[in-house]
Amino acid sequence: MNSIRVKLSVRGQVQGVGFRYFTRRTAEALCLTGWVRNCADGSVEAVLEGPEEAVSAALDDLRQGPAGGHVDALHCEKEPYRGEFDGFEVRF
């Protein structure tokens, strides 16, 4: 099973709607590791690591976002897998 790492930038109505916690719940349900945080420009940034199939499933969920939110764009960039995280955290 191939493990991968992706860095995401999500734009739209993604702050103040629980998007970071939605991301954490999604990642934990799929046994992914990494982090998520709000950015000053109104976007949300995240890093996900784990099996390629699980990361793909998470991206599908994140494109939909939580109720009350709206994703206009999700930019995903693959990075070298590092395996550096113990879990998934919401960063502030």
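Start with strand β5, residues 88-91. F88 and V90 lie on its covered face, while E89 and R91 sit on the uncovered one. In a regular strand, side chains alternate between the two faces of the sheet. Keep in mind that this is a predicted model.

β2 and β5 run parallel and are joined by four bridges. Select V36 and you will find V90 of β5 opposite.

**Helix α1**

Move to α1, residues 19-29. Show its buried residues: F19, R20, F22, T23, T26 and A27. Look down the helix axis. The buried residues of α1 fall within an arc of 160°, so they line one face of the helix. An α-helix has 3.6 residues a turn, so residues three or four places apart point the same way. Now turn to the face directed away from the buried side; the exposed residues R25 and A29 are there.

What do the buried residues of α1 pack against? Show β1 (3-13), β2, β3 (44-51), α2 (52-64), β4 (70-79) and β5: these are the partners.

**The core**

Select L8, V10, F19, L48, L62 and L74. These have the most contacts inside the largest nonpolar core, a set of 23 residues. At least two residues of this core come from each of β1, α1, β3, α2, β4 and β5. The top contributor is α2, with five residues.

Zoom in on V10. Beyond its neighbours within four places in sequence, V10 contacts F19, S43, V44, V71, A73 and L74.

**Charged pairs**

Side chains of opposite charge can pair when their charged atoms come close. The model holds ten salt bridges. Visit three of these pairs.

- Select R11 and D41. Their closest N and O atoms are 3.1 Å apart. The pair ties together distant parts of the chain: R11 belongs to β1, D41 to the loop between β2 and β3, and 30 residues separate them. R11 is partly exposed at 41% relative accessible area, and D41 is partly exposed at 49%.
- Go to E45 and R37. Here the closest N and O atoms are 2.5 Å apart. E45 is buried, at 15% relative accessibility, whereas R37 is partly exposed at 31%.
- Finish at E84 and R82, where the salt bridge spans 3.4 Å from N to O. E84 is partly exposed at 45%; R82 is exposed at 51%.

Notes: Residues numbered from 1 in each chain as written. Predicted model: local features only at pLDDT ≥ 70, side-chain atom pairs only at ≥ 80, totals over all residues. Heavy atoms only, no water. Buried < 20%, exposed > 50% of the residue type's maximum accessible area, 1.4 Å probe, protein only. Pairing = 2+ DSSP bridges. Arc of directions from axis to C-beta. Contact = heavy atoms within 4.5 Å. Core = buried A, V, L, I, M, F, W, Y, C linked by side-chain atoms within 4.5 Å. Salt bridge = Lys/Arg side-chain N within 4 Å of Asp/Glu carboxyl O.
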